[in-house]
Amino acid sequence: MVDDDEVIRQLIAVNLTLEGFDVATAVDGQDCLDKVAAIDPDVITLDVMMPRLDGWVTAGQLRRNPQTSRIRVVLITARAQEDDKNRGREIGVDAYLTKPFDPGEMIRVVRELAGAAASEAREGEDAPQAQASAPGGTSGPDNETGHSPSGQPGPS
């Protein structure tokens, strides 16, 4: 989760941790981009107005990079104008929440996006197995745990 406000970072991190997610934090967009490869998150919550690298630029860079383009992005911002929401859609963010946000809604959105990311990862893992199986064979065991490929639930 990325926010330059320490109180917001703590609020989001505590709420997601209590829901069983593993949470890593970043203080701005550049910090996020510096950490993302090592963390390999399923979901990133991202503030828009931050120093060094704002959320718009960060989300755009995440989308353009083949190694990070699959990561779900949730913008959580005080910018609630329709133009801002449209800009988020144009960049390709997966969800847009405005501050002040309802922690329950934020958890629901992150859980839904993390589940979708885990499903896609399972589908990607099953595809090569299906191609390698003998005719009439099965594609191997199904991973129905709802966890990411690392075995851990959760966004960063």
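Q: Where in the chain does D3 lie?
A: This is a predicted model. Helices are numbered from the N terminus. D3 comes ahead of a helix, and its place is in the segment before α1.

Q: Does D3 count as buried or exposed, and at what relative accessibility?
A: Buried means under 20% relative accessible area. D3 falls under that cut-off, so D3 counts as buried, at a relative accessibility of 1%.

Q: Which residues does D3 touch, not counting those up to four places away in sequence?
A: Contact means heavy atoms within 4.5 Å. Residues up to four places away from D3 are not counted. What remains is I8, R9, A26, V27, D47, M50 and K99.

Q: What pattern of helices and strands does the protein follow along the sequence?
A: The protein has five helices and three strands. Read in order along the sequence, they give α-α-β-α-β-α-β-α.

Q: Which element supplies the largest share of the largest nonpolar core?
A: This core has 17 residues, and I12, L16, V74, I76 and M106 touch the most other members. At least two residues each come from α1 (6-18), β2 (72-77), β3 (95-98) and α5 (103-132). The largest share is six residues, and it comes from α5.

Q: How many residues make up the other core, which includes A26, V36, M50 and V93?
A: The largest nonpolar core holds 17 residues. Another core lies apart from it, with A26, V36, M50 and V93 among its members. Its residue count is 16.

Q: Are α3 and α4 roughly parallel or roughly antiparallel?
A: Helix α3 spans residues 55-64 and helix α4 spans residues 82-91. Their axes are 9 Å apart, and the packing angle is about 20°. Angles under 35 degrees count as roughly parallel. That makes the two helices, α3 and α4, roughly parallel.

Q: How many residues in the contact of α3 with α4 are charged?
A: From α3 come W56, A59, G60 and R63; from α4 come D84, R87, G88 and I91. Three of these contact residues are nonpolar and two are polar. The charged ones number three.

Q: What share of the protein's 156 residues counts as buried?
A: The cut-off for buried is under 20% relative accessible area. Across the 156 residues, the share that counts as buried is 39%.

Key. Residues numbered from 1 in each chain as written. Predicted model: local features only at pLDDT ≥ 70, side-chain atom pairs only at ≥ 80, totals over all residues. Heavy atoms only, no water. Axes fitted to C-alpha atoms, helices over the stretch in contact; angles between N-to-C directions. Helix = DSSP H or I, 4+ residues; strand = E, 2+ residues; numbered from the N terminus. Parallel < 35°, antiparallel > 145°, perpendicular 65-115°, else oblique. Nonpolar A, V, L, I, M, F, W, Y, C, P; charged D, E, K, R; others polar. Core = buried A, V, L, I, M, F, W, Y, C linked by side-chain atoms within 4.5 Å. Buried < 20%, exposed > 50% of the residue type's maximum accessible area, 1.4 Å probe, protein only.
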